[in-house]
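Here is a short tour of a protein chain for anyone who likes to have the model open while reading. Take a look at it first, and then follow the strands with me.

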Amino acid sequence: MIIKRIIFLILIVIMLNGCNVAPTFIRPEGKVTLDKSEYIMNIGELKWKEHDFETSKIRTSDNYELASEFSTLEGEKGEELTFEIDQNPTSIIINKWNTDLTSDSIEVRDNKITLPLEGGYYFYEVIVERPQGKAIYIFDVDVK
């Protein structure tokens, strides 16, 4: 009889612990690779909803401020950048911002883009969508 009570108590403790498991959320990272070196992009915004869990990060600074927090990459004209985005995005849109505040949409092929043929400072806004939500990553490049 005592063994049955002990087993019953153990089962109750196990069930209660199983019910109190908090969702584990690992914020998806975005990396850019230049000259075989990887750099983690700054995240500007994040909206994520999965099962019973929802989170968001609202942009608190503009893109130029976020880009200035990134360690500026130095690339050559026409050089190729590669992206690695966690959690298999369904869509990647990249906007290149110029110093005169104009922007161009950049074509992404096989998670790669080509740096401009004109030297200068540029920052990039990487808009990523997944079934669970959306994220915006920021990085900057000084093209020589």
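## The open sheet

In this predicted model, 4 strands come together in an open sheet with the order 2-1-6-9, and their pairing is antiparallel. Strands here are DSSP E runs of at least two residues, helices are H or I runs of at least four residues, and both are numbered from the N terminus; two strands pair if DSSP finds at least two bridges between them. At the edges sit strand 2 (37–40) and strand 9 (112–114), each pairing on one side only. From one strand to the next, the twist averages 30°, with axes fitted to C-alpha atoms and angles between N-to-C directions running from 0 to 180 degrees.

Strand 1 (residues 30–34) pairs with strand 6 (residues 80–85) over 4 bridges in the antiparallel sense. Which residue of strand 6 is the bridge partner of T33? The partner is T82.

| Strand | Residues |
|---|---|
| Strand 1 | residues 30–34 |
| Strand 2 | residues 37–40 |
| Strand 6 | residues 80–85 |
| Strand 9 | residues 112–114 |

Now for the whole chain. The protein chain has 2 helices and 11 strands, and along the sequence the pattern reads α-β-β-β-β-α-β-β-β-β-β-β-β. Of the 144 residues, 33% are buried, meaning under 20% relative accessible area with a 1.4 Å probe, protein chains only.

Residues are numbered from 1 along each chain as its sequence is written. Local features need pLDDT of at least 70, side-chain atom pairs count only at pLDDT 80 or more, totals for chains, interfaces and linings use all residues, and side-chain values use heavy atoms, leaving out hydrogens and water.

How values were computed
Buried means under 20% relative accessible area, exposed over 50%, partly exposed in between (1.4 Å probe, protein chains only).
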